[in-house]
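Here is a briefing on one protein model. Keep the sequence and the structure in view while reading.

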Amino acid sequence: MTADELLSLSGLRTQFDTDRGAVKAVDGVDLTVREGETVGLVGESGSGKSVTALSAMDLVDSPGRIAGGTVSFRAVETVRRLARRHPDHIATPDHDGYIHVEAGTARDGQTSAPDEVARAARDSPKQIAVSGGDGSVHIEEGFVDLTAAPETVMREIRGGDMGMIFQDPMTSLNPALTVGEQVAESLELHRYGGRKKDSWFNAVRESLSRSGLSEEVREETIELLAEVGIPEPGQRVDEHPHEFSGGMRQRVLIAIALACRPQLLIADEPTTALDVTIQAQILDLINELQADLGMSVLMITHDLGVVAETCDRVAVMYAGEIVEEGPVEEIFGNPSHPYTYTLLESIPSEDAERLTPIEGNVPDLIDMPEGCNFAPRCPWAKPECTEGEIPYLQHGPDDVDHRSKCILESFDKSEYGTDTGIRASSKTPTGDPLLETKGLKKHFSRADGMLDEWLGDDLGTVKAVDGVDLTVHERETLGLVGESGCGKSTTGRSILRLLEPTDGTVVFAGDDIADLSKSDLRKKRRDMQMIFQDPLSSLDPRQTVAATIAEPLKIHDLPAEAPSQDVSKKDQRRQRVVELMEAVGLDPSQRDRYPHEMSGGQRQRVGIARALAVDPDFIVCDEPVSALDVSVQAQILNLMEELQEEFGLTYLFIAHDLSVVRHICDRIAVMYLGEVVEVAATDELFDDPKHPYTRALLSAIPEPDPTVTADRVILSGDVPSPVDPPSGCRFRTRCPSVIPPSDVDIDQEAFREVMDFRQRVEDGRIDVEAMRDPQTPATAADGGTEARVEGTMASTNPSSVVDDLFETRLTGTNRETIEQAVEHLFAGDHEAAAETLRERFETVCERQRPTLQEAPHPAACHLYDQPSDDDERPQNH
């Protein structure tokens, strides 16, 4: 133990009792998190990462149980506080307890023996000195054994001393409560006297206060929402989770976790469900808050790029064990366990010539292999790897704590990946255009049934796809990328007419898909197939693997050729199913399994086999690897490239992971809010991105190299609503390169702040009362991303308000215009405020809608030549 340890897990074992036996989800884990550091816990799905975190907080549900080991929480203030409250549970040589004293003084310094200090604390708990208080018993070091502490004590520690950010914000938040009520719950439980008793008095008091919160709690809740970058927190505190975007919901979870200023934050896959741009915002926020609050972070993730950018130390888990642990630079620069090395080799990267997947799957955690758990998949396994207990060996310099659970001092990395894998640089040759879309649109009515339509309620339409032009060549892989909600999947489904397009044309192999009858479309679907995003939900749980793959054969009466003599059509199809299973790397013995009996990678292989069954020419791949671990992802990407080479396939590859797209795609089209904003060859797009949105996307990709400092473009705000998209360039509300009017002298950063302020004024999202109240936390002009909680407004003088609202310094006419707008807002005239700002700061980006040029690398941006641009466009770009 070192003096700065905060959390230590020793021999932790967590099991789940099932009919088949005990699932050893966590099997003897030793892990330490020190004060102020970030520790990453990485590994494939099923390795035990999340169960380890839940065990640390004693949140494992039945039939799970902690079967052994200890979890020690060493925050000294927590030890002192609990010792005062629960003196009967202080451990001494004469009494058992979960509160342990390891160093201190008692009886005015006359004794310093830990046992005597513990006895003195147990006998005189009111004499225990806590922060800011006096006492004759001083506890300087100690710990709370969380595995032995009762549930009442754990409730004090959770939320108060240890906070947790859960993986999926939509399922973690209560849809029936406002976000303010959910943030305030932690404050009320830990800092405002606990949960109020059910009584008529409390019921009346809560009904008279907004959201049932006291004014004090409400104000602190608003401060917390502002601190995590929620725009207009005073207004949004009363909104429900469904009214927030995914990134904003994750910020709410962070506010809940940090409400009571915990000393340890456990972040369980905090960015897994987020786009790279929102992920960059959240990681940046966690890093800033950690620096401000001095807390420790346990970061659980399968994204090694996130670990490289955020963590100080890394622990790699496999099959319930930590197989390697050390400083982040050591782990990435000198991986010493074969599993760590092969995991890193599975990541698509700029320098990787090959993707080499890890063969096999994580073992059954009931029947664990003897010796090393990774031995059955390890390329360097030796006979002694399957015998007895495997020791930890020290690696790297003597002064670096870098241990690996492997008998090998080293292994020949040059042997790995020589026979398998696909070269990332070997692009598929492309031929004539196979698919072309012109002006493709798909709008969804918001009318709730025929009654709304009959009454004429104008609820608007969701412009999911709004004028997309694409060309896909034979044997080409065209990537379609962008944030969630930009219209990628809708575009793919509209091309296949799984959704009926609202407008535009889709020409496939010379035929306009929109003109085909149902019977002709059914025939055409033999040539056009789709691989869906989630293999579990897209496969029928009642059908076996064989039945799933055979279904399209029955629908299209395939194989077309007549069976040979003494072979029935059924046997012919059965043989075709076997051929397809072998083609996608599935063992034919798995034909009678159901989807739930297969791993994620195996299920995705079934989906690919089903798509290949009808011998298509063109496949829409809708996020085919987003739900998979990096090692399984590499298997699927290699498989898709091999199948393309063998069968001459053409892919439209929809994804949000740009490192994957870079590896597999020949060209890339970038989408934003229903439109394609840039198209280019893959290498050219990454080397010279033109559109500001593309630059932001590329800069947000986590780099799996801790020695590289990312030059990141953090986008402010969320994607606007597709019901009422912005005029002109749809990206202008977030664009860091928005073009100022030619007669306005202002730097780019200041103009971005002005445009954010304008947008909030026009949308009616300005909290004027907060501007008037000097005690209300100020919200920055961007709506909260850079909100300064500690700042307050000295008065309602417009000049002071402008100073507080804007991070950049405005001068001259620009400042005078903002001050005039603030005066209008104080007078309650929002329209006048919006008009004042528009007259001064209206830009070409909002007046004219940019289009893609007729060029090899077009970009729909006013920074580049447009048919009707005026002289506001900068001449040098």
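Between which two helices is the loop where Pro559 is found? Pro559 is in the loop between helix H19 (545-555) and helix H20 (569-583). The model is a predicted one. The protein has 877 residues, and 54% of them count as buried. Its secondary structure comes to 31 helices and 23 strands.

**Overall fold**

- Contacts between residues at least 6 apart in sequence include 68% that join residues at least 24 apart.
- The accessible surface of the protein is about 37900 Å². Carbon and sulfur atoms account for 45% of that surface.

**Nonpolar cores**

- The largest nonpolar core holds 96 residues. Ile608, Phe653, Phe757 and Ile818 have the most contacts inside it.
- Helix H22 (residues 630-647) gives the largest share of this core, with seven residues.
- A second, separate core has 70 residues, among them Val217, Val237, Val307 and Leu343.
- Beyond its neighbours within four places in sequence, Phe653 contacts Thr477, Leu478, Gly479 and Leu480, among others. The list of its contacts also includes Cys621, Pro624, Leu637, Met640, Val660, Val661, Ile664 and Cys665.

- Gln633 lies in helix H22. Its relative accessible area is 7%, so Gln633 counts as buried.
- Leaving aside neighbours within four places in sequence, Gln633 is in contact with Pro348, Val625, Leu628, Asp657 and Val660.
- Glu642 also has its place in helix H22. Glu642 is partly exposed because its relative accessible area is 40%, between the limits of 20% and 50%.
- The C-alpha atoms of Glu642 and Ala583 are separated by 9.6 Å, and the two residues are 59 apart along the chain.

**Gln529 in strand S19**

- Gln529 lies in strand S19 (residues 528-531). Its relative accessibility is 15%, and under 20% means buried.
- Not counting residues up to four places away in sequence, Gln529 touches Leu496, Arg610, Ala611, Val614, Pro616, Phe618, Ile619 and Val620.
- Gln529 and Cys621 are 92 residues apart in sequence, yet 8.7 Å apart in space, C-alpha to C-alpha.

**Second largest pocket**

- About 1000 Å³ of space lies in the second largest pocket.
- Its lining has 32 residues. Arg158, Gly159, Ser186, Leu189 and His190 lie nearest the centre.
- Five elements each supply at least two lining residues: helix H2 (76-85), helix H4 (151-157), strand S7 (162-165), helix H6 (179-190) and helix H10 (246-258).
- H6 gives the largest share of the lining, five residues.
- By type, the lining divides into 13 nonpolar, nine polar and ten charged residues.

**Helix H2**

- Thr78, Val79, Arg80, Leu82 and Ala83 are buried in H2.
- The buried residues of H2 pack against strand S4 (64-73), strand S5 (99-105), strand S6 (138-145) and H4.

**Cavities**

- Rolling a probe the size of a water molecule over the atoms shows where empty space is left.
- The structure holds nine cavities of 30 Å³ or more.
- The second largest cavity has about 80 Å³ of space.
- The lining of the second largest cavity includes His691, Pro692, Cys729, Phe731, Arg732 and Cys735. Ser737, Ile739, Cys845, Cys861, His862 and Leu863 line it too.
- The lining of the second largest cavity divides into eight nonpolar residues, three polar and one charged.

**Backbone geometry**

- Most residues other than glycine have a negative phi, and most peptide bonds are trans.
- A cis peptide bond joins Ser62 and Pro63, with omega about 10°. Pro63 has its place in the loop between helix H1 (49-56) and S4.
- The peptide bond from Leu558 to Pro559 is cis as well, with omega near -5°.
- Asp58 is not a glycine, but has a positive phi of about 55°. Asp58 is found in the loop between H1 and S4. At 29% relative accessibility, Asp58 counts as partly exposed.
- Arg261 has a positive phi of about 55° and is not a glycine. Arg261 is found in the loop between H10 and strand S8 (264-268). Arg261 is partly exposed, at a relative accessible area of 37%.

Note on methods
Residues are numbered from 1 along each chain as its sequence is written. This is a predicted model: local features need pLDDT of at least 70, side-chain atom pairs count only at pLDDT 80 or more; totals for chains, interfaces and linings use all residues. Side-chain values use heavy atoms; hydrogens and water are left out. A nonpolar core is a set of buried Ala, Val, Leu, Ile, Met, Phe, Trp, Tyr and Cys residues joined through side-chain atoms within 4.5 Å. Buried means under 20% relative accessible area, exposed over 50%, partly exposed in between (1.4 Å probe, protein chains only). Helices (H or I, at least four residues) and strands (E, at least two) are DSSP runs, numbered from the N terminus. Contact means heavy atoms within 4.5 Å. Accessible areas come from the Shrake-Rupley method with a 1.4 Å probe; for residues, only the protein chains shown count as cover. On a 1 Å grid over the protein atoms alone, a cavity is a set of points where a 1.4 Å probe fits but cannot get out, and a pocket is an open set with protein on both sides within 12 Å along at least five of seven lines; lining residues have an atom within 4 Å of a point. Grid points are joined across faces, edges and corners, and a volume is the space filled by probe spheres set on the points. Ala, Val, Leu, Ile, Met, Phe, Trp, Tyr, Cys and Pro count as nonpolar, Asp, Glu, Lys and Arg as charged, and the others, Gly among them, as polar.
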